[in-house]
Amino acid sequence: VVFSHPLELTKTRLQLDNERAMRGTPRQYSGVADCISTTFRKQGIAGLQRGLSFGIAREICFNAVRIGLYPTVLDGVQHGGRLMAGRSSCTDAPAPNGRERMVAGMVCGGLGGCCVNPIEVLKVRMQAQGGETGHQHSYKSAPAALLNLIRTEGLAGCMQGIGTSIMRGVLGPGSQLVAYNELKRLAVGAGLDGGAATTHIACALGSAGISIACVNPVDVVRTRLYNQPAGAAWYSSGLDAGLQLLRTESASAFYKGALTHYMRLGPHMVLVFGILEQLKGWRQRTKALA
């Protein structure tokens, strides 16, 4: 998180660039490099790490829910599917198939997004603070930000944008897994070695790109919902935020910050799917020896 946080901060500030401005308005940042260099020049390393405490808390809580609940949710999905198909939900059921794993992953992603929503709200606001774009909330510290959110906005503020957050949590894991497996199937069909590390890396990077194509529009809308001024009601809902963005900035604005998003997610997907492939290979070798 410490290493990827500057990219997250840059993505947030780029997503807020030209918010509610008419088409043709010059951007505050010309791109990723300009945003990073401007932030570093004005605020140093501390500026690039603004909101880091919320970033760490978000990763811990989100993955605790997403990973911690996964076995239980997967078991429920598998048993529920067998009951709906009219089969017995017995303990000697076969291993979960890919579809069941994907559904469980999407459910856990949605639950994780729901649980960390207040943290996400504060993370985005702290990341935007001190930048050239977006509303400035002027929090003095992480504890002060949390107390201010609870005191001035209450539960509604904590749950602001929760629908978009759940949607993002569902689309992210769902699109990544489906894209990786499909790309790997196509690669093997084209004659590539399905067990080679180069195949895994290429498919992981490709799945990251497809995931961002699905998630980034929701991510931009969510960022703007989170960062709007308390009580100002710039946006009545995620749909309203998306329509305003489309009307004032054009459809390309849904992909603001996408390059920074990919710079963070691409290596992450290589690591995740690389580990999963190693575990899969280990399990197959273990079965062959049994």
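## Backbone at the loops

Serine 138 lies in the loop between α6 and α7; helices here are DSSP runs of H or I with at least four residues, strands are runs of E with at least two, and both are numbered from the N terminus. The model is a predicted one, in which local features need pLDDT of at least 70, side-chain atom pairs count only at pLDDT 80 or more, and totals for chains, interfaces and linings use all residues. Residues are numbered from 1 along each chain as its sequence is written, and side-chain values use heavy atoms, with hydrogens and water left out.

The phi of serine 138 is positive, near 60°, in a residue other than glycine. Serine 138 is exposed, with a relative accessible area of 55%; exposed means over 50%, buried under 20%, and partly exposed in between, with a 1.4 Å probe and protein chains only. Asparagine 18, in the loop between α1 and α2 (32-48), is not a glycine either and has a positive phi of about 65°. With 14% relative accessibility, asparagine 18 counts as buried. Most residues other than glycine have a negative phi.

Helix α8 comprises 28 residues, 162-189, and reaches 41 Å from its first C-alpha to its last. This is close to the 40 Å expected at 1.5 Å a residue, where the expected span is 1.5 Å times one less than the number of residues. Just after α8, glycine 191 takes a positive phi of about 100°.

Glycine 194 is placed in the loop between α8 and α9. Its contacts (heavy atoms within 4.5 Å), leaving aside neighbours within four places in sequence, are Lys184, Val188, Thr199 and His200. Between glycine 194 and aspartate 34 there are 160 residues in sequence and 40 Å in space, C-alpha to C-alpha.

## Nonpolar cores and a surface patch

The largest nonpolar core has 12 residues: Phe54, Ile119, Val121, Leu122, Val124, Met126, Tyr139, Ala142, Ala145, Leu149, Cys158 and Tyr226. A nonpolar core is a set of buried Ala, Val, Leu, Ile, Met, Phe, Trp, Tyr and Cys residues joined through side-chain atoms within 4.5 Å. Two or more residues of this core come from each of α6 (117-128) and α7 (142-158), and α6 gives the most, with five. Cysteine 158 touches Asn117, Pro118, Val121, Leu149 and Ile150, not counting residues up to four places away in sequence. Apart from this core lies another, of 10 residues, including Cys203, Ala258, Met269 and Phe273.

On the surface, Val1, Val2, Phe3, Ile56 and Ile60 form a nonpolar patch with about 520 Å² of accessible area together. Patches consist of residues with over 30% relative accessible area and no salt bridge, in which like charges are joined within 9 Å and nonpolar side chains (Val, Leu, Ile, Met, Phe, Trp, Tyr) within 5 Å. Accessible areas come from the Shrake-Rupley method with a 1.4 Å probe, and for residues only the protein chains shown count as cover. Valine 2 is located in the segment before α1 (5-15) and is partly exposed, at 43% relative accessible area.

## Salt bridges

The structure holds 16 salt bridges, each a side-chain nitrogen of Lys or Arg within 4 Å of a carboxyl oxygen of Asp or Glu. Aspartate 219 pairs with arginine 168, the closest N and O atoms being 2.7 Å apart. This pair links distant parts of the chain, with aspartate 219 in helix α9 (residues 197-227) and arginine 168 in helix α8, 51 residues apart. Aspartate 219 is buried at 0% relative accessible area, and arginine 168 counts as buried at 12%.

Glutamate 249 forms a salt bridge with arginine 224, with the closest N and O atoms 2.5 Å apart. Glutamate 249 lies in helix α10 (residues 238-249) and arginine 224 in helix α9, so the pair ties together parts that are 25 residues apart in sequence. Both glutamate 249 and arginine 224 are buried. A network of salt bridges links Glu8, Lys11, Arg58, Glu59, Glu120, Lys123, Arg168, Asp219, Arg222 and Arg264.

## Threonine 260

Threonine 260 belongs to helix α11 (residues 258-289) and is buried, with a relative accessible area of 0%. Beyond its neighbours within four places in sequence, threonine 260 is in contact with Leu7, Thr10, Lys11, Leu14 and Val32.
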